[in-house]
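Q: I would like to learn to read contacts and metal sites in a model. Where do we begin?

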Amino acid sequence: MRLLVISPHPDDETLGAAGLMRRVIARGGQVHVVWMTSGDGFPEGVETADGITHPRPQDYRDYGKLREREARAAAGALGLDSRSLTFLGFPDEGLCELASAYLSAKTRAFESPYTDRFSPPLTEQVIRGVRYRGVDVRRELERVIAGFAPTVLVDVHPEDEHPDHCSTHVFIQEALQALAAQGRTPPRTLRYLIHYERWPLTPDAGQGSDLRPPAGFPASEGRWVSLALTPDEIGAKKVALLLYRSQMLVIGRFMQAFARSNELYLEGEPASPPECWCQNGVNVATEVPPEKYRRRPRKR
Ligand SMILES: [Zn+2]
């Protein structure tokens, strides 16, 4: 098996798929993780980690580097080596804008209001010269997916309410469609959910209990697949989660709510058009006017 896990921020891959990655490695398969952003646009996180009230662009860049180090450590705890990790360096809290207002190659590049960057750091550009534009995100993903040639791809589910997450799904779909048009065999795709209302902070969210699908989740959005984890996989996942120290400081209870006895994925094409809202009120997934949809609050 060749498993490719695509993660919007450092931590999502562990929250959603640590056990699966551990299992594939243990059985001799190949695992690769791609991070869309390095989580460098999180003011509350920077303020908590560094004790500063008005972070400057360099503080945000340093915070992104810290989160990359944590991601490497967490991946190492699961058994991945450093060659199996790719950071694309796109803007945290900016992917949704790239999927809408900054989509075209003709447009100017988006500037991160946190790091002041217009492009991924040079060391993280898979294709030299990419900038913060939607077309470049898709080209980078195409290159990475084609290069690794996964048999199984772990994508974010489009019902995920975080704008960086649902727009990651949009970009992955576009990249997969472009590759299919070139005659490449599509991988089996599993989708994980991280942000959905108050899930998974349910009253029975004790460690070791079963993770269940969120109550009221639309039945048409795919078939739930539960992967029961072994004690070794549960242990490795807990260790990896704790290595995200900067995130445990701010969203520790939420992170721990994923330390369960199983992991959940959705398989099969979602029936409804995904909802993916940016701050400016555009559904990037459908380009349908916002009044047609219930608008959802932004949340992390
Ligand atoms: Zn995330």
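A: Begin with a definition: a salt bridge is a side-chain nitrogen of Lys or Arg within 4 Å of a carboxyl oxygen of Asp or Glu. The model is predicted: local features need pLDDT of at least 70, side-chain atom pairs count only at pLDDT 80 or more, and totals for chains, interfaces and linings use all residues. Residues are numbered from 1 along each chain as its sequence is written, and side-chain values use heavy atoms, with hydrogens and water left out.

Q: How many salt bridges does the whole structure hold?

A: The search finds 15. In one of them, Glu233 meets Arg23 at 2.7 Å, N to O. Glu233 lies in helix 7 (residues 231-242) and Arg23 in helix 1, so the pair ties together parts 210 residues apart in sequence. Helices here are DSSP runs (H or I, at least four residues), and strands are too (E, at least two), numbered from the N terminus.

Q: Is Glu233 buried or exposed?

A: Buried means under 20% relative accessible area, exposed over 50%, partly exposed in between (1.4 Å probe, protein chains only). Glu233 is buried at 5%. Arg23, at 16%, is buried too.

Q: Which residues coordinate the zinc ion?

A: Donors are N, O and S atoms within 2.8 Å of the metal (3.2 Å for Na, K and Ca); water is not among the atoms, so sites may look incomplete. Here they are His9 (ND1), Asp12 (OD), Asp12 (OD) and His165 (NE2), at 2.1 to 2.6 Å. Asp12 lies in helix 1 (residues 12-26) and His165 in helix 6 (residues 163-181), so this pair ties together parts 153 residues apart in sequence. Asp12 and His165 are buried.
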